Amino acid sequence: VAELDLIRAIARALSPPGERVVRWVGDDAAVIKARPLCVTSIDTVAEGVHFHSATHSPREVGHKALAAALSDLAAMGADTGEAYVSLVLPRAHPHGDALALVEEMAALADRTGTTIAGGDVVSGPGVVVSVCVVGWADSEDELAGRDAAKEGDVVAVTGSLGASGAGLILIEGGSAQGELQEAHRRPQPRLAAGRALARAGVSSMIDLSDGLATDARHLALAGGVRLEIDLESIPVAAGVAEVATGAGLDARTLAVTAGEDYELLVTVPQERWDAATAAARTAGSTLSRLGEVVAGEGVAFREGDGSLREGLRGHEHR
Ligand SMILES: [Mg+2]
């Protein structure tokens, strides 16, 4: 009975569904008016592995779980559609906490044009949140993948890097409030930029969840190419340099190895560069040129003196 109360409270916390939704929460299954291409991704976060209840509030967990899933739709260039949420909660878990988690998720869903169209709640040993997101497109050329980077393409990134990593350092140091901490707690999926860049003809795209040093490897591997990136070209977010210095770290190294910025890394054919920068700008973002795609494999970072660093890695434990 208590479980049923929670499910009813969750249903009340959700906004009315979008116009594509024919049937949703309250039926045995959701029914959605489809478009030609369905773009689906699932993301799971588990207590003790991806977050700790001592340092992450239920609201942050709710936001991050949906934001991470939506970021994968951004990386494909898809329009947002629906989300389906599975919640595993310990029996003694306070209903207020579960509701706060869902409310924060619902707020992000509203801002991104996503309908939380279904889900379930079950008991288990710890909090686990699975979010399946469904995005839509009308044709394949509206979307981007990871595997088509070509020799001669420009390597570029949206926005700026390092804010989330610097925010985490501050939070762990006991400083809870501030813009960098907020960037870590409530990362924003770059949906508008992803859609615009895919349509502008980028050759490959990936969202930066594990950090540029690691995510760039995925583009290199999938494309069968090598990415060379100038460390001096890395757009380091405001305030990151001070935090890095305080922690005895190099700001650019922090910016390329810390994860969870959720900016978009792209490779762009030379002739599409102007279109891509214009697309990023129209989407309210920026595009910084980092380097180029060359023959070979892996990722190398070029220092100011021209020497190459090969071994940089992001947060691969996730
Ligand atoms: Mg991804």
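Author: A salt bridge is a side-chain nitrogen of Lys or Arg within 4 Å of a carboxyl oxygen of Asp or Glu. A search of the whole structure finds 19 of them. This is a predicted model: local features need pLDDT of at least 70, side-chain atom pairs count only at pLDDT 80 or more, and totals for chains, interfaces and linings use all residues. Residues are numbered from 1 along each chain as its sequence is written, and side-chain values use heavy atoms, with hydrogens and water left out.

Reader: Which residue forms a salt bridge with Glu260?

Author: Lys64 does, with the closest N and O atoms 3.1 Å apart. Glu260 lies in the loop between helix H9 (251–257) and strand E10 (264–268), and Lys64 in helix H2, so the pair ties together parts 196 residues apart in sequence. Helices (H or I, at least four residues) and strands (E, at least two) are DSSP runs, numbered from the N terminus.

Reader: Is Glu260 buried or exposed?

Author: Buried means under 20% relative accessible area, exposed over 50%, partly exposed in between (1.4 Å probe, protein chains only). Glu260 is buried, at 11%. Lys64 is buried too, at 16%.

Reader: Where does the partner of Glu263 lie?

Author: The partner is Arg190, and the closest N and O atoms are 2.6 Å apart. Arg190 sits in the loop between helix H5 (179–185) and H6, while Glu263 sits in the loop between H9 and E10, 73 residues apart. Glu263 is buried at 4% relative accessibility. Arg190 is partly exposed at 23%.

Reader: Which residues are linked in a network of salt bridges?

Author: Arg35, Asp79, Asp138, Glu142, Arg195 and Arg199 are. Take one pair from it. Glu142 bridges to Arg199, with the closest N and O atoms 3.3 Å apart. Glu142 is in the loop between strand E6 (128–137) and strand E7 (154–158), and Arg199 is in helix H6 (residues 191–199), so the pair ties together parts 57 residues apart in sequence. Glu142 is buried at 15%, whereas Arg199 is partly exposed at 39%.
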